[in-house]
Amino acid sequence: MITTDFVHGSPCMLDVGVPDVPAAASFYGAVLGWDYEPMGEDVEGGMFRKDGKMVAGLGKLTEEGARPAWMIYYTVDDADATTRAVEAGGGTVRVAPMDIEQWGRMAQYSDPLGGQFAVWQPGESKGVDLVDAPGSLCWTELYTSDAAGSRRFYGDVFGWQFSDMPMPGDEGTYTLITPAGQPEERMHGGLLEAGEDALSLAGGRPYWHPVFAVPDCDAAVAQVNGNGGTVQMGPVDAEGVGRMALCLDPFKADFVLLTPTEG
């Protein structure tokens, strides 16, 4: 489970970059019950809140050629040291470590195959206020063309612990991710070796996406379809996990909706 007592290597923040901020705010408000709080007149973006608690960020997509997508940030003790580890492992620095006023220090990277992710060295802000609850982040997931290579890279960068489980129907192996030195109950995500079709969304590159907990997956999917989004898979029942659907917002940023199995 993801918790808000963030440790090194655990997901702590996320934001989505889109070409139309008001439209995205309306979409996610309908699907996840989020309230949008603009940053100000000079900034095209702001924060999403659920029951008054910050759950995610929203910003205008400005990078030329970039696709609308969610960016997941992982807590690190030292963003500069993490940058050196990324480079040593064959990754690319997209945004060098920089201070965000007194709030913290951030950097963004691509893994050796092009999967994008980010880190946050906390200052006054530790990250989002709500996780593992309806309308908030409950899991992170990487689709990659090279599971073994991804394990090596992210293991070296974050010190993650990995464990494997078979996929239903002999459809491969799913690798579970836990922060270094933490018990299995702090497991926060997984990675899956995916075929060309699954990676087409990112032009064949690996990509991370968030999983959001919802009280009723089918009802949330109806809101996706009714507000300009699309559903790529589901809703389906996953034994021991819950009822889930892989969705795209109106700009084709991907995310998963999950009603977890009780207990």
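The model is a predicted one, in which local features need pLDDT of at least 70 and side-chain atom pairs count only at pLDDT 80 or more, whereas totals for chains, interfaces and linings use all residues. Residues are numbered from 1 along each chain as its sequence is written, and side-chain values use heavy atoms, with hydrogens and water left out.

**Sheets**

Helices (H or I, at least four residues) and strands (E, at least two) are taken as DSSP runs and numbered from the N terminus, and two strands pair if DSSP finds at least two bridges between them. On that basis, eight strands make up an open sheet of mixed pairing, in the order β2-β3-β4-β1-β5-β8-β7-β6. Its edges are β2 (35-40) and β6 (92-100), each of which pairs on one side only. From one strand to the next the twist averages 25°, where axes are lines fitted to C-alpha atoms, for helices over the stretch in contact, and angles run from 0 to 180 degrees between N-to-C directions. Within this sheet, β7 (residues 104-110) and β8 (residues 116-122) are joined by seven bridges in the antiparallel sense, and Gly 104 is placed opposite Pro 122 in β8.

An open sheet of eight strands is also found with the order β10-β11-β12-β9-β13-β16-β15-β14, again with mixed pairing. Here the edge strands, each pairing on one side only, are β10 (161-166) and β14 (230-238), and the twist averages 25° from one strand to the next. Strands β9 (residues 136-144) and β13 (residues 207-213) run antiparallel and are joined by seven bridges, with Tyr 143 opposite Tyr 207 in β13.

**Helices on the sheets**

Contact means heavy atoms within 4.5 Å. Helix α1 (residues 21-32) lies across β1 (11-18), β2, β3 (43-50), β4 (53-60) and β5 (69-75), and runs at about 5° to β3. Helix α1 also lies across β13, β15 (242-248) and β16 (254-260), running at about 15° to β16. Helix α3 (residues 147-158), for its part, packs on the sheet by touching β9, β10, β11 (173-178), β12 (189-193) and β13, and its direction makes about 145° with that of β12.

Thr 82 belongs to helix α2 (residues 79-88) and counts as buried because its relative accessibility is 4%. Apart from neighbours within four places in sequence, Thr 82 touches His 8, Val 76, Tyr 109, Val 119 and Val 157. Gly 89, in the loop between α2 and β6, is partly exposed at a relative accessible area of 35%. With neighbours within four places in sequence left aside, Gly 89 is in contact with Pro 112 and Phe 153.

**Aromatic rings**

Rings of Phe, Tyr and Trp (its six-membered ring) pair if their centres lie within 6.5 Å; planes under 30 degrees apart count as stacked, over 60 as edge-to-face and the rest as tilted.

| Pair | Centre distance | Plane angle | Class |
|---|---|---|---|
| Trp 34 and Phe 48 | 4.8 Å | 40° | tilted |
| Trp 34 and Phe 212 | 5.3 Å | 90° | edge-to-face |

Trp 34 sits in the loop between α1 and β2, 14 residues from Phe 48 in strand β3 and 178 residues from Phe 212 in strand β13. Trp 34 is buried at 4% relative accessibility, Phe 48 is buried with a relative accessible area of 0%, and Phe 212 is buried as well.

A single aromatic cluster is formed by Tyr 74, Tyr 109, Phe 117, Phe 153, Tyr 154, Phe 158, Trp 160, Phe 162 and Trp 208. Arg 67 lies over the face of Tyr 207, at 5.2 Å from the ring centre; the criterion is that NZ of Lys or CZ of Arg is within 6 Å of the ring centre and within 35 degrees of the ring normal.

**Cysteines**

A disulfide is a pair of cysteine sulfur atoms within 2.5 Å, and a search of the whole structure finds zero of them. For Cys 138, the nearest cysteine sulfur is that of Cys 217, 11 Å away, and Cys 138 is buried at 9% relative accessibility. The sulfur of Cys 217 has its closest cysteine sulfur in Cys 247, and because the distance is 6.9 Å, the two are too far apart for a bond. Cys 217 is buried, with a relative accessible area of 1%.

Notes: Buried < 20%, exposed > 50% of the residue type's maximum accessible area, 1.4 Å probe, protein only.
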